[in-house]
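Student: I have a model open and want to learn how to read its side chains. Where do we begin?

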Amino acid sequence: MSEPQPPVEAARPFINVSPRYRLNRFRMFRGMLEELARTRSVVRVLDMGGWPDYWQDMRPLWQDLPLHLTIVNIDITDRDDPPYHSRYGSALDMAGYADNSFDIVHSNSVIEHVGQWVEMQAMAREVRRLAPRYFVQTPNLWFPYEPHYRSLFLHWFPEPVRAAMVLRKRRGFIEASSYDQAMREVQDIHLLSARQMAELFPDARIEREKVGPFTKSLIAIR
């Protein structure tokens, strides 16, 4: 549930900013890891909803740090492949882990996929419970370009309109062969505003990742 890699197609400059912004975002996160590493022999990192591939792509930015990486996702099976420790689990309920089991929680483009407001609250509670520090990123509702649909403005349309558009043709990473599937795909994505992120993470500062005058992503940092 971390940010998917785009399929191979003709390059479009507006879209291709994503990898660069993802790298810049991780550099910000690395600063937090460095602070923790100064006082710990091992930094226990929980990635909620992530994938080992994401960390492998970023490895040059963290491989010199003493990280113990636990990756929890509903779409992976338990596997230990140090430094990665993958575990099946839901971000909404991680009761198997005690409070502050980790030093820091990382989550990249996950919270917009867990459900509606009640489910987002459940994930936010787990993030705040499981570590004293966290770094939670999500695309901004009010950015005109939607990264899942890879389209301008489409995410601002009503759900039935979005479903009809997805059914008509593939939109970015989203496609459907029936209206039922189109509605399911549409309802899998609930982008958040800065106000909503501040409500979910009241003890965090909300960083705004900018593209020109626009806020592309929101990052809750504690």
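Tutor: We begin with exposure. Buried means under 20% relative accessible area, exposed means over 50%, and partly exposed lies in between. Arg 205 has 47% relative accessibility, so Arg 205 counts as partly exposed. Keep in mind that this is a predicted model.

Student: Which residue does Arg 205 pair with in a salt bridge?

Tutor: Start with the general idea. Side chains of opposite charge can pair when their charged atoms come close. Here, the partner of Arg 205 is Glu 207, with the closest N and O atoms 2.7 Å apart. Glu 207 is at 27% relative accessibility, so it is partly exposed. Elsewhere, salt bridges with shared partners join Arg 25, Glu 209 and Lys 216 into one network.

Student: How many salt bridges are there in the whole structure?

Tutor: The search finds 15. Take the one between Asp 64 and Arg 30, at 2.8 Å from N to O. This pair links distant parts of the chain, 34 residues apart. Asp 64 sits in the loop between H2 and S2, and Arg 30 in helix H1, residues 17-37.

Student: Are Asp 64 and Arg 30 buried or exposed?

Tutor: Asp 64 has a relative accessible area of 52%, so it is exposed. Arg 30 is at 17%, so it counts as buried.

Student: Now the rings. How is an aromatic pair described?

Tutor: By the distance of the centres and the angle of the planes. The structure holds 13 such aromatic pairs. Trp 62 and Tyr 84 form one that is edge-to-face, 6.3 Å centre to centre with 75 degrees between the planes. Trp 62 lies in the loop between helix H2 (52-58) and strand S2 (67-73), while Tyr 84 lies in strand S4 (84-88). Both residues are buried.

Student: Why is the pair of Tyr 97 and Phe 102 called tilted?

Tutor: Planes under 30 degrees apart count as stacked, over 60 as edge-to-face, and the rest as tilted. The planes of Tyr 97 and Phe 102 are at 50 degrees, so the pair is tilted. The ring centres are 5.4 Å apart. Tyr 97 is partly exposed at 24%, whereas Phe 102 is buried at 6%.

Student: Which residues do ring pairs link into a cluster?

Tutor: Phe 26, Phe 29, Tyr 54, Trp 55, Trp 62, Tyr 84 and Phe 135.

Student: Which residues make the nonpolar surface patch?

Tutor: Trp 142, Leu 152, Phe 153, Trp 156, Phe 157 and Val 161 make a patch of about 600 Å². Trp 142 lies in the loop between strand S6 (133-139) and strand S7 (145-146). At 53% relative accessibility, Trp 142 is exposed.

Student: What does Arg 79 touch, leaving out residues up to four places away in sequence?

Tutor: Tyr 84, His 85, Ser 86 and Arg 87. Arg 79 lies in strand S3, residues 79-81, and at 55% it counts as exposed.

Student: Where is Ser 101?

Tutor: In the loop between S4 and strand S5 (104-108). A polar atom of the Ser 101 side chain lies 2.6 Å from the backbone oxygen of Ala 98. Beyond its neighbours within four places in sequence, Ser 101 is in contact with Arg 44 and Leu 130.

Key:
Residues are numbered from 1 along each chain as its sequence is written. This is a predicted model: local features need pLDDT of at least 70, side-chain atom pairs count only at pLDDT 80 or more; totals for chains, interfaces and linings use all residues. Side-chain values use heavy atoms; hydrogens and water are left out. Rings of Phe, Tyr and Trp (its six-membered ring) pair if their centres lie within 6.5 Å; planes under 30 degrees apart count as stacked, over 60 as edge-to-face and the rest as tilted. Helices (H or I, at least four residues) and strands (E, at least two) are DSSP runs, numbered from the N terminus. Buried means under 20% relative accessible area, exposed over 50%, partly exposed in between (1.4 Å probe, protein chains only). Patches are made of residues with over 30% relative accessible area and no salt bridge: like charges are joined within 9 Å, nonpolar side chains (Val, Leu, Ile, Met, Phe, Trp, Tyr) within 5 Å. Accessible areas come from the Shrake-Rupley method with a 1.4 Å probe; for residues, only the protein chains shown count as cover. A salt bridge is a side-chain nitrogen of Lys or Arg within 4 Å of a carboxyl oxygen of Asp or Glu. A polar contact is a pair of N or O atoms within 3.5 Å; within protein, one must be able to donate a hydrogen and the other to accept it, and residues adjacent in sequence count only if both atoms are side-chain atoms. Contact means heavy atoms within 4.5 Å.
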